[in-house]
Amino acid sequence: MSLLLLLVLPLAGAALLALRGERPEAAAVNAIFAGAGLACAAGLALKVVAGGPLVAFGEQFHLDAFNVFLVVLTAFVGFTTALFSRPYMRTEADRERIGARGLRLYHAMYQLFLFTMQLALTTNNLGILWVAMEGATLATVLLVSLYRTPASLEAAWKYFLLCGVGIAQALFGTILLYLAAEKALGAGGTALLWTHLAAVKSGLEPGVLAIAFVFLLTGYGTKVGLVPLHNWLPDAHAEGPTPISAVLSGLLLNVALYAVVRGKVLVDGALGTPLAGRLMMGFGLLTVVVAALFLVRQRDVKRLFAWSSIEHMGLITFAFGMGGAVASFAALLHMTVHSLTKSAIFFAAGHAAQKAGTQAMDGIRGLVSRSPAVGWGLLLGTLAILGVPPFGVFTAEFMILTTAMGRQPWAAPVLLLALGVAFAAVFGRVQAMVFGEPTGEPLKHRPLTAPVFVHLAIVLLLGLWIPPWIAAWYRQAASMLG
Amino acid sequence: MARDASFLLRFAPYCVFGCMVLAASIVPMVATGLPFAPAADVIALVGLLATARVFMALAAMDAGTAFGSMGARREMLVAGLAEPALLMVFFMPSLIVGSTSLTTIVETLAYQPFALHPSLAFAAVAFVMVLLAENARIPVDNPATHLELTMIHEAMLLEYSGRYLALMEWAHALKLMVYAGIGIALFAPWGVSPAGRWDLVPAALAALAAKLFIGGLALAILETVSAKMRIFRAPEFLGMAFLLAVLGMLILLLQGPPR
Amino acid sequence: MSLAAQLIDLLAALLLLMAFAMLAQRRLMALIGLFAFQGALLAASTAVVAWSTGQAHLWWSAGLTALLKAVVLPLVLRRLAVRLAVARDVEPLVNVPTTLLVGIALVVVAFDLALPMAELAGTITRGTLGIAMACVLLSLLMMITRRRAIAQVIGFLSLENGLFFAATGATYGMPMVVELGIALDVLVGVLVFGIFFFRIRETFDSLDVEHLEKLGDRG
């Protein structure tokens with residue numbers, strides 16, 4: 001029941017907001033729908049944690065520890081971002097960067113995006129997973145070009161084409177998977193159901209699955225932002241409205257990675273060799289290194305943190321690639337804390353950029369003296385994302401690095417170096433933005449900084465002490481991933 | 001005729017004409033089991049055509065006029081690109097049948113049960129393109145023009161007159177006939193009378209006449225609807241032909257011989 | 001070898017030919033025509049598979065493909081081209097022969113990859129998977145070499161055609177829900193593309209994606 005609500009609510013919200021999305025209360029309605037989704041997700045999580053995995057609606061939907069945790073995370077970040085977007089979008093509307101039609105589109109597409117995310121996570125059918133991922137691109141692409149500036153159009157076009165091509169590769173991978181599955185399960189509806197595939201995974205044809213995984217990895221990897229398929233990501237994050245940057249970083253990347261990991265489980269079962277893991281480690285490592293180097297060159301605050309997202313996704317991909325209980329645990333933890341921290345940073349950075357009237361970091365100065373909440377939020381968020389203890393990111397990175405030292409000793413120094421470069425690059429810039437002579441004008445609508453601190457508090461909590469039920473939950477998911 | 005030219009100028013027409021007659025006599029258009037059947041190899045055929053071309057180009061340069069050399073150069077440009085394409089086209093039926101002998105190819109293709117060969121379709125299109133280029137037809141060349149910017153084949157014949165010109169023109173017509181014959185033999189060999197069946201020859205002749213009529217009509221239509229392209233586009237055109245032939249070959253290798 | 005298998009082989013070869021022709025075609029309207037023809041071939045091949053295997057849902061799929069890929073999308077693209085006044089555009093393509101040679105190399109790669117898989121595809125033809133993969137790669141190549149937005153989109157759609165062909169030729173089609181979902185995505189995608197064209201046009205006065213290369217140097 002709560003599953004049905006989880007999926008129907010955002011659809012209803014999208015329909016409602018598509019008609020009335022320009023009215024002043026639309027932002028609140030948006031947040032209410034997202035909040036109701038969070039309640040549904042929590043209900044589902046309780047059920048799954050207590051009663052184990054469940055399938056529903058003729059096996060078309062499937063929930064286990066792995067995806068239900070992402071469902072909750074998605075719903076949570078979706079809710080807080082909706083809260084944040086209320087004052088943010090009002091300021092944008094006041095400055096006439098966006099009209100009534102734009103607002104309607106924004107609100108409707110926001111709900112639609114949440115729907116595709118939840119559909120991608122909860123579906124048991126790998127074909128539907130693909131459809132939902134493509135739907136997510138379609139829902140967000142018009143939002144990236146919402147401001148209709150040349151730069152935003154370019155970003156959206158790039159996003160659309162690159163992700164479109166990427167997702168087409170993923171479809172090819174899915175077709176190949178189906179080709180192999182047909183042999184084991186017979187033609188028809190069940191051959192793409194993940195639960196069925198997982199049951200017979202050792203009987204699937206290894207040659208086909210290996211090629212299928214390459215296509216799935218490049219396909220969904222484009223959406224994860226893995227180098228060298230990352231080109232769309234900084235542009236799309238920088239040129240779209242900040243709430244969209246927050247959900248792209250916090251949700252879309254996670255869900256795309258989720259799809260890759262689901263594929264990896266099958267391929268590992270069929271191949272019995274670490275091919276999939278090695279591929280993921282290679283791409284992950286490359287991504288971390290390239291992203292760290294590019295971080296140094298950034299001038300735009302949102303691009304800076306977009307590149308930081310690429311870096312972290314690379315790290316998580318690397319961790320999933322290593323596999324094993326500890327690494328998978330760390331990867332899940334890192335997914336959680338990255339998504340919370342990064343969206344918090346985008347909230348703070350969005351307000352900061354609005355206040356300064358520019359996204360260029362040279363134009364943003366003295367946040368702490370002008371609006372302490374935003375300034376401290378940005379500083380703390382940055383410290384958290386850079387892996388300073390005692391935040392949760394540190395815990396996750398520490399676990400990944402120690403595992404890497406034990407299992408992949410060649411990779412550990414590279415990772416460490418890349419993280420060091422990233423630290424230096426980001427911290428220097430953020431420090432200059434937070435302290436120094438203030439610039440910019442005060443905002444008419446009071447910025448909402450509560451979500452920033454709520455997110456950071458959770459991240460801090462996860463760094464200091466992971467509640468046993470969450471740990472058990474992660475462990476359950478990690479053991480499934482192998 | 002040019003007085004300063006060597007014997008080559010006078011010798012070339014006989015040579016070219018001889019090559020064409022020989023080529024025409026080995027292509028099984030009406031019946032298989034021709035007197036020259038043992039020599040009817042596709043690679044030898046390409047060699048014959050090349051010999052004729054070499055002599056024609058040499059003779060054109062022999063006269064020492066600018067037009068002759070230019071025509072020879074352009075002819076060689078076209079021929080150098082058309083020949084590999086032609087060879088690739090020939091390889092395809094050879095691969096299907098397992099022999100480079102034209103007689104065997106025609107016998108196998110004409111009398112086997114009906115089968116679709118996607119690769120032969122590619123080869124046919126490529127062959128038509130090669131035919132247009134090699135026989136100086138629109139869109140590569142225009143057989144009726146004497147405009148210096150565009151002419152290729154005609155530029156080589158400018159120095160000829162009298163019986164030599166007649167021989168050259170005859171050889172040229174024969175060449176078109178040979179190409180048409182090859183096309184018919186490879187891609188539409190139905191109705192060719194088997195070796196030793198004299199009674200079927202009249203029917204085969206009628207079939208050939210019908211096929212040639214259709215082919216001529218198609219050529220006329222093709223030349224009417226297409227415009228002559230710039231000479232620098234000719235490599236692209238022939239590149240397409242070569243590519244089509246290669247593509248057909250790849251498809252043949254992938255899909256395998258008909259099971 | 002049955003007639004159906006031969007037909008599929010022929011249609012597959014023609015599909016590949018269309019992919020090559022699109023790679024070399026300079027005129028936009030002709031490109032749209034080629035795309036429509038490719039869609040028709042795809043529908044025909046789906047219909048042949050449906051006929052030879054007797055799977056009812058493939059008939060639906062064939063009908064859907066014929067309607068969407070051979071009629072609706074080309075019409076939409078044509079109207080877009082007319083309304084954006086780019087219908088008579090001739091795209092300056094550099095070095096078509098090189099592109100085509102690269103295309104051939106891609107075909108070899110695709111065939112090589114597909115051969116081992118084709119062995120175990122128990123369906124009526126073995127060659128389809130390789131050809132489908134080749135079509136996909138060629139469409140990718142086309143998207144890379146094109147500068148005009150509409151041509152890139154056509155490349156994208158023909159990529160989708162290749163994928164569909166893989167689905168029907170190699171596996172008798174995906175489950176119906178998935179196919180419907182994919183069709184929906186394609187349709188919405190084209191709508192979004194259409195909106196995009198106008199936005200790009202409005203902003204840049206041109207549909208040349210050369211204008212969309214400013215962000216690149218910012219890293």
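Me: Which residues in α13(A) meet α3(A)?

Reply: This is a predicted model, in which local features need pLDDT of at least 70, side-chain atom pairs count only at pLDDT 80 or more, and totals for chains, interfaces and linings use all residues. Residues are numbered from 1 along each chain as its sequence is written, while chains are lettered from A and ligands numbered from 1 in the order in which they are written. α3(A) brings Phe69(A), Leu73(A), Val77(A), Thr80(A), Thr81(A), Phe84(A), Tyr88(A) and Thr91(A) to the contact, two residues being in contact if their C-beta atoms, placed from the backbone, lie within 7 Å. The partners in α13(A) are Leu332(A), Thr336(A), Ser339(A), Leu340(A), Ser343(A), Phe347(A), Gly350(A) and Gln354(A).

Me: How many nonpolar, polar and charged residues has the contact of α3(A) with α13(A)?

Reply: Ala, Val, Leu, Ile, Met, Phe, Trp, Tyr, Cys and Pro count as nonpolar, Asp, Glu, Lys and Arg as charged, and the others, Gly among them, as polar. By this scheme the contact of α3(A) with α13(A) has 8 nonpolar, 8 polar and no charged residues.

Me: Are α3(A) and α13(A) roughly parallel or roughly antiparallel to each other?

Reply: The axes (lines fitted to C-alpha atoms, for helices over the stretch in contact, with angles from 0 to 180 degrees between N-to-C directions) of α3 (65-94) and α13 (325-356) of chain A come within 11 Å and cross at roughly 0 degrees. Angles under 35 degrees count as roughly parallel, over 145 as roughly antiparallel, 65 to 115 as roughly perpendicular and the rest as oblique. The two helices, α3(A) and α13(A), are therefore roughly parallel.

Me: Which chains share the most contacts?

Reply: No contact joins chain A and chain B, and their closest C-alpha atoms lie 18 Å apart. Of the 2 pairs of chains in contact, the one that shares the most contacts is chains A and C.

Me: Which element gives the most to the side of chain A that touches chain C?

Reply: The contact takes 39 residues from chain A and 38 residues from chain C. On the side of chain A, two or more residues come from each of α5 (126-144), α6 (150-185) and α8 (206-224). With 16 residues, the element that gives the most is α6(A).

Me: What is the radius of gyration of chain B?

Reply: Chain B has 9 helices and 0 strands; helices (H or I, at least four residues) and strands (E, at least two) are DSSP runs, numbered from the N terminus. Its C-alpha trace spans about 60 × 40 × 30 Å along the principal axes. The radius of gyration is taken over C-alpha atoms, and the globule rule is 2.2 Å times the number of residues to the power 0.38. For 259 residues a compact globule would have a value near 18 Å, with which chain B agrees, at 19 Å.

Me: What percentage of the residues of chain C count as buried?

Reply: Chain C has 7 helices and 0 strands. A residue is buried if 20 or more other C-beta atoms, placed from the backbone, lie within 10 Å of its own, exposed if 12 or fewer, and partly exposed in between. In chain B, buried residues make up 44% of the 259 residues. Of the 219 residues of chain C, the buried ones make up 54%.

Me: Which element of chain A has the highest mean pLDDT?

Reply: pLDDT is the predictor's confidence in each residue, from 0 to 100. Chain A has a mean of 88, and chain C a mean of 81. Among the elements of chain A, α14 (367-370) has the lowest mean, 82, whereas the highest, 94, belongs to helix α12 (301-322).
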